[in-house]
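Good morning, everyone, and thank you for letting me take a few minutes of the meeting.

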Amino acid sequence: MRILGLLALVLIVGSYIYYCSWLLLKPFLPEDHYSYYYFPDQKYVYYLPSLFLLLILATVMSTLGYILINSEAFSKPQVPPWVKYGYQGPKIPNL
């Protein structure tokens, strides 16, 4: 299990270093530099985090929706406490 955690840590740190160098170094490299072609186009610097954020939000909202739909609080009709004890509300006279 420790090896899996170490692998995840190395993957995350490596991705972070690659992304930061893509974001911060590529604009200053000349187009004929050898490392210029290791990075995709600059517009994807903004598209990728936005896509990941949307996927994470969609996953979280779908999970919450699934939990709420399948919870017992929404499976039974909710009866207000005053109806349980026979209170009918204020009497309104007919005019």
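Predicted model: local features only at pLDDT ≥ 70, side-chain atom pairs only at ≥ 80, totals over all residues.

Let me start with a question: does Tyr18 count as buried, partly exposed or exposed? Tyr18 counts as partly exposed, because its relative accessibility is 37%, and by the convention I use, buried means under 20% relative accessible area, exposed means over 50%, and partly exposed is what lies in between, with a 1.4 Å probe and protein chains only.

Residues are numbered from 1 along each chain as its sequence is written, and side-chain values use heavy atoms, with hydrogens and water left out.

Now the overall picture. The protein has 4 helices and 0 strands, where helices (H or I, at least four residues) and strands (E, at least two) are DSSP runs numbered from the N terminus, and the order of elements from the N terminus on is α-α-α-α. The radius of gyration, taken over C-alpha atoms, is 28 Å, well over the 12 Å that the globule rule gives for 95 residues, so the protein is more spread out than a compact globule; that rule is 2.2 Å times the number of residues to the power 0.38. Along the principal axes, the C-alpha trace spans about 90 × 45 × 15 Å. Of the 95 residues, 8% count as buried, and the accessible surface comes to about 9100 Å², with 73% of it belonging to carbon and sulfur atoms. Those areas come from the Shrake-Rupley method with a 1.4 Å probe, and for residues only the protein chains shown count as cover.

What does the record say? An unreviewed UniProt entry carries the annotation "transmembrane region" for residues 7-25 and 45-69, although such annotations may be inferred rather than shown by experiment, and the positions are given in the numbering used here, with feature names shortened. In the model, residues 7-25 are 95% helix and 0% strand, with end C-alpha atoms 26 Å apart, whereas residues 45-69 are 100% helix and 0% strand, with end C-alpha atoms 37 Å apart.

Let us return to Tyr18 and its surroundings. The structure holds 5 aromatic pairs, meaning rings of Phe, Tyr and Trp (its six-membered ring) whose centres lie within 6.5 Å, where planes under 30 degrees apart count as stacked, over 60 as edge-to-face and the rest as tilted. One of these pairs joins Tyr18 and Phe39, whose ring centres are 5.3 Å apart and whose planes meet at 35 degrees, so the pair is tilted. Tyr18 lies in helix H1 (residues 2-24) and Phe39 in the loop between H1 and H2, so the pair ties together parts that are 21 residues apart in sequence. Their C-alpha atoms are separated by 8.8 Å, and Phe39, at 14% relative accessibility, counts as buried. Tyr18, Tyr19, Trp22 and Phe39 form one aromatic cluster.

Val45 is in helix H2 and counts as buried, at 0% relative accessibility. Lys26, in the loop between H1 and H2, is also buried, at 6% relative accessibility, and its C-alpha atom is 9.4 Å from that of Asp41, 15 residues apart along the chain.

Which residues make the nonpolar surface patch of about 740 Å²? They are Tyr44, Tyr46, Tyr47, Leu48, Leu51, Phe52 and Leu55. Patches are made of residues with over 30% relative accessible area and no salt bridge, joining like charges within 9 Å and nonpolar side chains (Val, Leu, Ile, Met, Phe, Trp, Tyr) within 5 Å; a salt bridge is a side-chain nitrogen of Lys or Arg within 4 Å of a carboxyl oxygen of Asp or Glu.

The C-alpha atoms of Ile69 and Cys20, 49 residues apart along the chain, are separated by 41 Å.
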